[in-house]
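Please keep the viewer open as you read.

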Amino acid sequence: MKKKTILWKFFLLLTLILGACAPTTFSPPTEIHITAGDDVEHAVIAVDTAGRSHIAGVVNDRIVYYRTLFGEPLVKFTLALGGTGANWKQYNPDITVVNGLGGAYLTWVEQRGSVDKYACYLQIPINPPIIGDWDKSCHALDSSNHTTGNVWVTARGSKVYAVYDRAYTDKVRTAELWYKVISSTPAYAGRIDWFTERFETASIYSLDLGIDSAGFLHVGYHYNWTTGGPPPYSERLELRSNCSTLADGQMDQIWVILDGNAVDEDIPVSLTFYDEGTTQLVALAHTNEPTDLNKIYVETCNADGCAAGTRYFRPVDPPGDWDTFSVIDDVEIQGIGEEVFLGFIGDDNTAPTGVEQVYFTNAFDTALFYDPSDGSATYKYDLEITALDTRPGATGGTRAVISWAESGLLTTTYFAHGFLAPVVKFSENNCLDSLASVNIDSNGMYLAGVWDACGDTWFTTQAWTEQLPLILK
């Protein structure tokens with residue numbers, strides 16, 4: 001799924017090996033096409049438990065779907081839209097998968113000849129229909145209301161949630177934020193936040209979401225709000241869940257983390273889960289920039305029962321020389337067991353020659369503080385993080401992996417780094433026209449991704465040599 005949003009991202013993909021003892025390789029990078037010569041843009045990816053990659057993107061204002069193991073298509077098609085011409089378009093895809101043979105769930109936004117935007121979803125099963133063609137149509141997330149264009153989807157096990165907003169009458173700002181369980185028959189929905197009930201409207205800067213081990217949805221989001229006045233707006237950072245709901249399904253587990261204007265609106269929030277003994281916690285990372293000393297916070301609370309006494313504001317303890325000046329540009333967290341791993345892009349140098357670096361640490365114990373970019377004098381972009389299991393026969397268990405892009409303005413190079421593992425350089429592009437589009441995903445020991453290189457979307461994945469088709473060996 002697209003992990004954090006509103007902004008299209010600038011780079012990447014990786015494919016990394018954490019266990020040197022396991023005989024592994026990577027599938028050759030494959031350019032993704034639905035028809036020969038087309039250009040797939042804004043690609044997103046989800047990996048299932050069998051290692052299949054489910055990819056969605058956009059070709060000529062139409063959502064496309066592409067399923068593969070090692071690059072060659074298993075299934076590919078373009079979704080239907082009932083007209084052509086101005087304002088007939090589909091965009092903003094997101095994708096997730098369910099365990100077993102449940103297949104993929106895809107969400108997107110479409111316009112049907114006007115400025116009105118509709119939130120759509122589609123289940124794409126593993127097996128094709130016995131009679132007829134694949135379903136390629138929009139199933140409405142909200143049949144009687146429009147969206148501003150905010151639509152996400154996530155899954156855990158066999159449960160799938162979509163999150164979407166309802167537009168205010170101006171069709172620009174958000175009146176309500178909703179969730180819908182689209183893996184249930186029938187699907188059912190409830191509000192996350194009802195802004196207009198408080199006589200407010202909102203504009204969402206960023207949002208991240210996840211499902212806890214009990215199947216409840218948690219949504220962390222940063223937004224500005226107003227009761228009708230012009231900018232500057234007030235801002236809030238909130239964490240909500242349907243662990244507790246009102247009679248109509250509206251989320252009633254609510255934590256207003258911050259109500260002010262210090263949170264950096266350009267850096268998306270990042271959400272994850274971790275354990276403290278037998279208690280599951282949810283964590284939300286963000287940055288705070290009241291002065292020239294930018295700070296990272298990882299706010300945590302009990303996943304079930306996020307109430308006073310279980311809520312903690314946890315500032316990340318940086319190295320000692322970050323105590324007078326710092327700039328933070330991107331933050332990602334990943335919980336694994338009782339640890340929360342933190343990756344960020346930042347700079348502690350006030351001099352004009354200061355260059356931001358990539359850092360990797362344990363959010364709650366920064367004694368091991370890595371700079372995997374190793375002081376390189378390049379621009380750093382598009383940090384990503386995921387959890388990856390080592391392959392059978394390798395050591396290390398589940399580890400966090402970060403990846404990022406570095407640009408010297410003439411070339412763009414992509415790197416990956418597993419905690420306590422070496423840095424891997426996995427691609428280099430000699431062009432300047434790459435789009436701001438990337439996505440990476442993992443499932444168990446499988447890792448795959450799609451990225452834009454010189455205007456084209458490419459794919460690769462981890463694989464054992466013996467798994468690759470003979471033509472690729």
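## Two nonpolar cores

A nonpolar core is a set of buried Ala, Val, Leu, Ile, Met, Phe, Trp, Tyr and Cys residues joined through side-chain atoms within 4.5 Å; buried means under 20% relative accessible area, with a 1.4 Å probe and protein chains only. The model is predicted, so local features need pLDDT of at least 70 and side-chain atom pairs count only at pLDDT 80 or more, while totals for chains, interfaces and linings use all residues. Residues are numbered from 1 along each chain as its sequence is written, and side-chain values use heavy atoms, leaving out hydrogens and water.

The largest nonpolar core has 19 residues, and those touching the most other members are V163, L177, I192, L207, L217, V219 and Y221. At least two residues of this core come from each of β12 (159-167), β13 (174-181), β15 (201-211) and β16 (217-226). A second, separate core holds 18 residues, including A46, A56, I95 and W134.

Which residues does I192 contact, leaving aside neighbours within four places in sequence? Counting heavy atoms within 4.5 Å as contact, I192 meets V163, L177, W178, Y179, V219, Y221, R240 and M251.

## The chain as a whole

Strands are DSSP runs of E, at least two residues long, and helices are runs of H or I, at least four long, both numbered from the N terminus. By that count the chain has zero helices and 32 strands. Of its 473 residues, 57% are buried. Among contacts between residues at least 6 apart in sequence, 52% join residues at least 24 apart.

## Strand pairing

Two strands pair if DSSP finds at least two bridges between them. An open sheet of four strands runs in the order β7-β8-β9-β10, with antiparallel pairing. β7 and β10 (139-140) are at the edges with a single partner strand each, so one side of each has no neighbour in the sheet. Inside this sheet, eight bridges join β8 (104-112) to β9 (117-124), and W108 stands opposite C120 in β9.

Elsewhere, five bridges link the antiparallel strands β5 (62-68) and β6 (73-78), with Y65 opposite F77 in β6. Four residues lie between the strands of this hairpin, where G71 takes a positive phi near 125°.

## The largest pocket

A pocket is an open set of points on a 1 Å grid over the protein atoms alone, where a 1.4 Å probe fits, with protein on both sides within 12 Å along at least five of seven lines; lining residues have an atom within 4 Å of a point. The largest one is lined by 41 residues, with A155, R156, Q334, D441 and S442 nearest its centre. Among the elements giving two or more residues to this lining are β11 (151-156), β22 (327-336) and β30 (438-443).

Terms used. Buried means under 20% relative accessible area, exposed over 50%, partly exposed in between (1.4 Å probe, protein chains only).
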